[in-house]
Structures are given as C-alpha cells and as structure tokens.
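Student: Could you go through this structure with me? I'd like to talk about side-chain contacts and the surface.

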Amino acid sequence: MDKLKNYTIVFSSLPFGVTDFTYEISQSFFDLFEIETDFDNPDINVDLDFEKNSTMLELFFKINGKITIPCDITGENFDQKISNEAKLIVKFGDEFDDTDSEIWIIPRDEYELNIAQVLYELIMLSLPVKRIHPDVLEGNIDPEISDLLDEYSIYDISQLEDNDNNNDDDDDNDDDIDPRWAKLKDLKP
C-alpha cells in the first residue's frame, strides 16, 4: 500500500475546469518522508486549485500555517508563521520529466498525479533561513543570554533584521577599502 496515496489526484475522473482540494499538513505528513526535521508541531493548510484542460493541468498552491522552530540565537522554541504560493503546469508527453520545477511532463496514458513531493518541497522552501525569536528582535532577551552573546560577539542584535539597503551601503563606504582597490573605482566610466 502506497503511504502517499492520500496525496494522489486521479485527474482522469475530474471534469474540465477548476477543482478545489484542501490538505491539512501535520507531523504525520513529514514522517512519511522518513527525513529528520528541525521543527515541531506543523499546522499547515494547503489550498490547491487544480485546473484540468484538454492539453494540460494547472495546479495553484497556497500554503499557510505555522510551525514550532528553535531560535538560532537563544535556542528557545517559538511559533513561526509560514506561507508560500506556487504554480505547477503539467503537460502530456512521451515520458515523465520533472527536471523543471514549474513545468512537468507526464506520459499521455497517465491518469493520476501524486503531489506529496511538491507539497513537501514547497513547505520546506517556506521555512525562514534566519530563525530569530520575535522577542530577540524586539530587544526582550534574557540578560544571561544577552551577556553571553556580547561576550562571544556571536550576534549583533541590531543587525538581525533583514535589510536589503545595507548591501547597497557597503559599496559607498570607501573608508574600509584597501587603497589599492580604491584606485580601481576611479576606472569606472
């Protein structure tokens, strides 16, 4: 018995047009993949608009939910909201090809599609790279942890928020550039 059968859509019996599917993803979903995860208590809803046409299938995924993850700084667990949207186009061809993440080709005689792997990847891509507890960002951090961070200079709390403008400012600051490299800036047209 296929352990991922709950995520198989038999599209041959669906009418042309849009059919809505809803999936509630919990820890049991991730256990099916037998891969160790670094989060707990996933509570994720996936809304799938599955559009069947005569020449192709279009899948529109909307993922919303929360997971419990450890903070990179304090190690304290917190609930992180996640969301993601994606579109997958499935065309019919001679053989299966899923090398493109946005367009799949499945054999013409295929009548079903399993979306478990797609769901897994979309959820994993929704997880933040930086996992910072909201209290840390607000400056509400345990004094002992703050002292340890300061002592070892592990993190500068003021630099934790994502700020794309910081990358642009680095080019304009000539004080920190080696004088030999600074001369190269004069060569710009």
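What follows is a chat about salt bridges, aromatic rings, backbone angles and a surface patch.

Tutor: Before we start, please keep in mind that this is a predicted model.

Student: Okay, how many salt bridges are there?

Tutor: The count comes to 5 salt bridges, and one of them joins the side chains of Asp38 and Arg131, with 2.7 Å from N to O. Asp38 lies in the loop between H1 and E3, while Arg131 lies in the loop between helix H2 (116-126) and helix H3 (134-137), so the pair ties together parts that are 93 residues apart in sequence.

Student: And is Arg131 buried or exposed?

Tutor: Arg131 is buried, because its relative accessible area is 10% and the cut-off for buried is under 20%, whereas Asp38, at 43% relative accessibility, counts as partly exposed.

Student: Which residue does Lys87 pair with?

Tutor: Lys87 forms a salt bridge with Glu58, and the closest N and O atoms are 3.3 Å apart. Since Lys87 belongs to strand E5 (residues 77-93) and Glu58 to strand E4 (residues 56-70), this pair ties together parts that are 29 residues apart in sequence. Lys87 is partly exposed at 40%, while Glu58 counts as buried at 11% relative accessibility.

Student: Switching to rings, how many aromatic pairs are there?

Tutor: The structure holds 10 aromatic pairs, including the edge-to-face pair of Phe29 and Phe33, with 5.2 Å centre to centre and 70° between the planes. Phe29 counts as buried at 1% relative accessibility, and Phe33 counts as buried at 15%.

Student: Which residues make up the cluster linked by ring pairs?

Tutor: The cluster consists of Tyr7, Tyr23, Phe29, Phe30, Phe33, Phe39 and Tyr120. On the topic of rings, Lys52 lies over the face of Phe16, at 5.2 Å from the ring centre.

Student: What about the backbone, where is phi positive in a residue other than glycine?

Tutor: Glu34 is one of these, with phi near 50°, and it lies in the loop between helix H1 (27-31) and strand E3 (40-52). Asn41 also has a positive phi, about 50°, but Asn41 lies in strand E3. Glu34 counts as exposed at 68% relative accessibility, and Asn41 counts as exposed at 53%.

Student: Last one: which residues form the nonpolar patch on the surface?

Tutor: Trp181, Leu184 and Leu187 form that patch, with about 380 Å² of accessible area together. Leu184 is found in helix H6 (residues 179-185) and, at 44% relative accessibility, counts as partly exposed.

Technical notes: Residues numbered from 1 in each chain as written. Predicted model: local features only at pLDDT ≥ 70, side-chain atom pairs only at ≥ 80, totals over all residues. Heavy atoms only, no water. Patch = residues over 30% accessible without salt bridge, like charges linked within 9 Å, V, L, I, M, F, W, Y side chains within 5 Å. Areas by Shrake-Rupley, 256 points an atom, 1.4 Å probe, with all protein chains shown as cover. Salt bridge = Lys/Arg side-chain N within 4 Å of Asp/Glu carboxyl O. Helix = DSSP H or I, 4+ residues; strand = E, 2+ residues; numbered from the N terminus. Buried < 20%, exposed > 50% of the residue type's maximum accessible area, 1.4 Å probe, protein only. Phe/Tyr/Trp six-rings, centres within 6.5 Å; stacked < 30°, edge-to-face > 60°. Lys NZ or Arg CZ within 6 Å of the ring centre and 35° of its normal.
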